[in-house]
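Subject: Structure handover

Hi,

Here is the structure I promised to pass on. Please open it in your viewer and keep it beside this email while you read.

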Amino acid sequence: MGGLERPKFVLFGSSIVQLSYINEGWGAALAHIYARKADIVLRGYSGWNSRRAVQDAAIQPSLVIVYFGGNDSVHPHATGLGPHVPLPEYIENTRKIAMHLKSISDKTRVIFLSAPPASEEQIGIHLSGKMDMVRTNESCRIYSEACLAVCREMNLKAVDLWTAIQQVDNWETVCLKDGIHFAPEGSRIIVKEILRVIKEAHWEPSLYWKAMPTEFSEDSPYDPVGVEGKTVNVSEPDLFGEFPWE
């Protein structure tokens, strides 16, 4: 496979995407899992909502993982400023994003991540002195369900983050670090759910990491030498530690 064009997976969204490359984030985990399979491309920006997303042009990837909804669900601010997008517009924007991504290529696959839950108590502790906004778990539920409904309507793959995260005891502090963004445990749940969707999808070619060709998987005299005096192939992502995503 060496020398051939690698598949590209684009992570498209807001700060949930941008911050996924730090703090043991889910984007970093996917980049690790697919290190010899595909390039994971970051296209996520803090503060973005679905309104700004429809103005963005995507490259031609093999897979796009889309997250918008949390910022959209923030309650309207009295000034008219802020990330809030009314629910009908959010639904229409989600359709527009999906239609654009499906039009790129018949080989471009799409997975939507729904709005995750929010801990109002933790937001008050961590962000009340920094941001003047109201973000509730109930509004996140409404926007999450709207996203999932659009995906069912358009026959798209989706991950119900609002439900998945809340399956964990004390999810407010175990899965979230500030009431909104993910702690390492939350990221592990996201990666597990994304890999489950990819594994169960009937896509040709498969984008499940174990089914994809591995670059430079052959034994080489340049590989590290193990304790038995032979080279050790280091192509598997879990060689140096636990693999908690499956």
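First, a term: two strands pair if DSSP finds at least two bridges between them. Also keep in mind that this is a predicted model.

**Strands**

Start with β1, residues 8–13. Six bridges join β1 to β2 (residues 39–44). The two strands run parallel. β1 also pairs with β3 (residues 63–67), through five bridges. That pairing is parallel too.

In β2, its bridge partner is R43. In β3, F12 stands opposite V66.

Is β1 enclosed or open? Five of its six residues are buried, so the strand is largely enclosed by the rest of the structure.

**Cores**

The largest nonpolar core has 37 residues. W26, L30, Y34, I65, I111, L113 and I198 touch the most other members. Several elements give two or more residues to this core, among them β1, β3, β4 and α2 (26–33). The largest share comes from α9, with seven residues.

Click on I111 next. Leaving aside neighbours within four places in sequence, I111 is in contact with several residues, including L63, V64, I65 and V66. Others on the list include V197, I198 and W203.

There is also a second, separate core of 23 residues. F68, A98, C151 and L156 are among its members.

**P116**

P116 is in the loop between β4 (109–113) and α5 (120–127). Why does P116 count as buried? Its relative accessibility is 2%, and buried means under 20%.

Which residues does P116 touch? Not counting residues up to four places away in sequence, they are Y67, C140, L161, W162 and F182. Look at C140 in particular. P116 and C140 are 24 residues apart along the chain, yet their C-alpha atoms are separated by 6.6 Å.

**Pockets**

The largest pocket has a volume of about 360 Å³. It is lined by 24 residues. N71, V74, P83, M131 and M133 lie nearest its centre. The lining divides into 11 nonpolar, 10 polar and three charged residues.

The second largest pocket holds about 270 Å³ of space. Its lining has 18 residues, of which P7, S62, P205, L207 and M212 lie nearest the centre.

Over to you.

Notes
Residues are numbered from 1 along each chain as its sequence is written. This is a predicted model: local features need pLDDT of at least 70, side-chain atom pairs count only at pLDDT 80 or more; totals for chains, interfaces and linings use all residues. Side-chain values use heavy atoms; hydrogens and water are left out. On a 1 Å grid over the protein atoms alone, a cavity is a set of points where a 1.4 Å probe fits but cannot get out, and a pocket is an open set with protein on both sides within 12 Å along at least five of seven lines; lining residues have an atom within 4 Å of a point. Grid points are joined across faces, edges and corners, and a volume is the space filled by probe spheres set on the points. Ala, Val, Leu, Ile, Met, Phe, Trp, Tyr, Cys and Pro count as nonpolar, Asp, Glu, Lys and Arg as charged, and the others, Gly among them, as polar. Helices (H or I, at least four residues) and strands (E, at least two) are DSSP runs, numbered from the N terminus. Buried means under 20% relative accessible area, exposed over 50%, partly exposed in between (1.4 Å probe, protein chains only). Contact means heavy atoms within 4.5 Å. A nonpolar core is a set of buried Ala, Val, Leu, Ile, Met, Phe, Trp, Tyr and Cys residues joined through side-chain atoms within 4.5 Å.
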